[in-house]
Amino acid sequence: EDRGHLTNPLAGRVPASVTQFGGRGLLLVNHLADLVRIHTTPAGTAVRVYFKLPRAAPRPAANTDS
């Protein structure tokens, strides 16, 4: 989160023009993450990103026959 304020409701969802400086970070996050939540107010903006992680394979039982 920071003190920045987003005025474009599609920020991070449409590509920046090739002549625009910056503006690609949120686009990259939207392409990589499963869910992106952006909460912006005049006081600042918070971005919460969610990734679905694969389940870990079960570990084999320890051999206690020693």
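Predicted model: local features only at pLDDT ≥ 70, side-chain atom pairs only at ≥ 80, totals over all residues.
## Overall fold

Let's start with the secondary structure. The protein contains one helix and two strands, and reading along the sequence gives the pattern α-β-β. Helix 1 covers residues 25-32, while strand 2 covers residues 44-50.

The dimensions are worth a look too. For 66 residues, a compact globule would have a radius of gyration near 11 Å, whereas this protein has 20 Å. Along the principal axes, its C-alpha trace spans about 65 × 30 × 15 Å.

## Surface and contacts

How much of the protein is buried? Buried residues account for 11% of the 66 residues. The exposed surface comes to about 6200 Å², and 57% of that area is supplied by carbon and sulfur atoms.

## The largest pocket

The largest pocket holds about 170 Å³ of space. It is lined by 13 residues, and the closest to its centre are Ala11, Gly12, Val14, Gln20 and Gly23.

What classes of residue make up this lining? Seven of the lining residues are nonpolar, five are polar and one is charged. As background, rolling a probe the size of a water molecule over the atoms shows where empty space is left.

## Arginine 3

Our next stop is in the segment before helix 1, where arginine 3 is found. Is arginine 3 buried or exposed? Its relative accessible area is 77%, so arginine 3 is exposed; the cut-off for that label is over 50%.

Leaving aside residues up to four places away in sequence, arginine 3 touches Ala43 and Gly44. Arginine 3 and threonine 40 are separated by 37 residues in sequence, and their C-alpha atoms are 9.3 Å apart in space.

## Leucine 53

Finally, we come to the segment after strand 2, which is where leucine 53 lies.

How far is leucine 53 from glycine 25 in space? The two residues are 28 apart in sequence, with 21 Å between their C-alpha atoms. Glycine 25 belongs to helix 1, which covers 25-32.

Terms used
Residues numbered from 1 in each chain as written. Heavy atoms only, no water. 1 Å grid on protein atoms, 1.4 Å probe; cavity = no way out; pocket = protein on both sides within 12 Å on 5 of 7 lines; lining within 4 Å. Points joined across faces, edges and corners; volume = space filled by probe spheres on them. Nonpolar A, V, L, I, M, F, W, Y, C, P; charged D, E, K, R; others polar. Helix = DSSP H or I, 4+ residues; strand = E, 2+ residues; numbered from the N terminus. Rg over C-alpha atoms; globule rule 2.2 N^0.38 Å. Buried < 20%, exposed > 50% of the residue type's maximum accessible area, 1.4 Å probe, protein only. Areas by Shrake-Rupley, 256 points an atom, 1.4 Å probe, with all protein chains shown as cover. Contact = heavy atoms within 4.5 Å.
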